[in-house]
Amino acid sequence: MSGSPLRLGVLLSGRGSNFLAIAEAIRSGRLPGVEIAVVISNIAGAPGLSAAESLGLSTAVFVSKGRKRAEHDTDVAASLHEHNVDLVILAGYMRLLSPEFIAAFHNRILNIHPSLLPAFPGLDAQHQAFDYGVKIAGCTVHFVDEHLDHGVIVLQRAIPVLDTDTAETLSARILTEEHIAYSEAIARVASGEYEISGRRYLRRDSF
Ligand code: GRF
């Protein structure tokens, strides 16, 4: 990789463990050529935001409660542009994005979802999968399009569901996979060595 670093804009609403895993991957040199430009939350007291401040990263809060989606997203997009963000990383961002925002960052927004999509989109995916009785669970990193948990899949990681699992132990093991998957997906996208063909993300080295 050469040239200027790929600048990430992280959006989060909660604890931020995926954000912290990405920050650690960057710190330890596992994501060369990638830096975090800004961490933005729609929730003022989000633990992930305090963690970002402790790491000395630029942060911003745009409280979403009670605001029209498009207006709120305009503020977030302006902040991302101010920080020269190349790739938007949704890391537990509990807010749907407006079509305008998604269009402004076409194929430049990644999300992580704690199921093997297209199974179990939406909230509490790990519990949905557990309750359904699946034998294989996992997580998905995908580009964001205008439909919920739907865009082009960059990668997935799968784990077996154990007979001894509870929904909580399964969620914890999925989260461990998420922390690996997100940095790996960012590395792949940062390399630029891919094409999107219909719904398929194809790595150039596999052509
Ligand atoms: C993760 O399970 C992620 O897959 C989902 O929201 C959760 C965020 O967790 N989109 P964290 O805030 O990154 O710890």
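**Close-up views of a predicted model**

**View 1: Asn 84 and its loop.** Asn 84 turns up in the loop that runs between α3 (69–82) and β4 (87–90). Helices (H or I, at least four residues) and strands (E, at least two) are DSSP runs, numbered from the N terminus. Though not a glycine, Asn 84 has a positive phi, about 50 degrees. This is a predicted model: local features need pLDDT of at least 70, side-chain atom pairs count only at pLDDT 80 or more, and totals for chains, interfaces and linings use all residues. Residues are numbered from 1 along each chain as its sequence is written, and side-chain values use heavy atoms, with hydrogens and water left out.

**View 2: a cis peptide bond.** Leu 117 and Pro 118 are joined by a cis peptide bond, with omega at about 15 degrees. Look for Pro 118 in the loop between β5 and α5 (125–132).

**View 3: the shell around the ligand.** Around the ligand you'll find Arg 15, Gly 16, Ser 17, Asn 18, Gly 92, Ile 112, His 113, Pro 114, Gln 126 and Glu 178 (near means a heavy atom within 4 Å). At least two shell residues come from each of α1 (17–27) and β5 (109–113). Domain 1 (1–105) and domain 2 (111–207) both contribute to the shell, so the ligand lies between them; the domain bounds come from an automatic or database assignment.

View 4: A polar side-chain atom of Arg 15 is 2.4 Å from a ligand oxygen, while a side-chain N or O atom of Glu 178 lies 2.7 Å from a ligand oxygen. On its own the ligand exposes 370 Å², and the protein buries 87% of that (Shrake-Rupley method, 1.4 Å probe).

Notes. A polar contact is a pair of N or O atoms within 3.5 Å; within protein, one must be able to donate a hydrogen and the other to accept it, and residues adjacent in sequence count only if both atoms are side-chain atoms.
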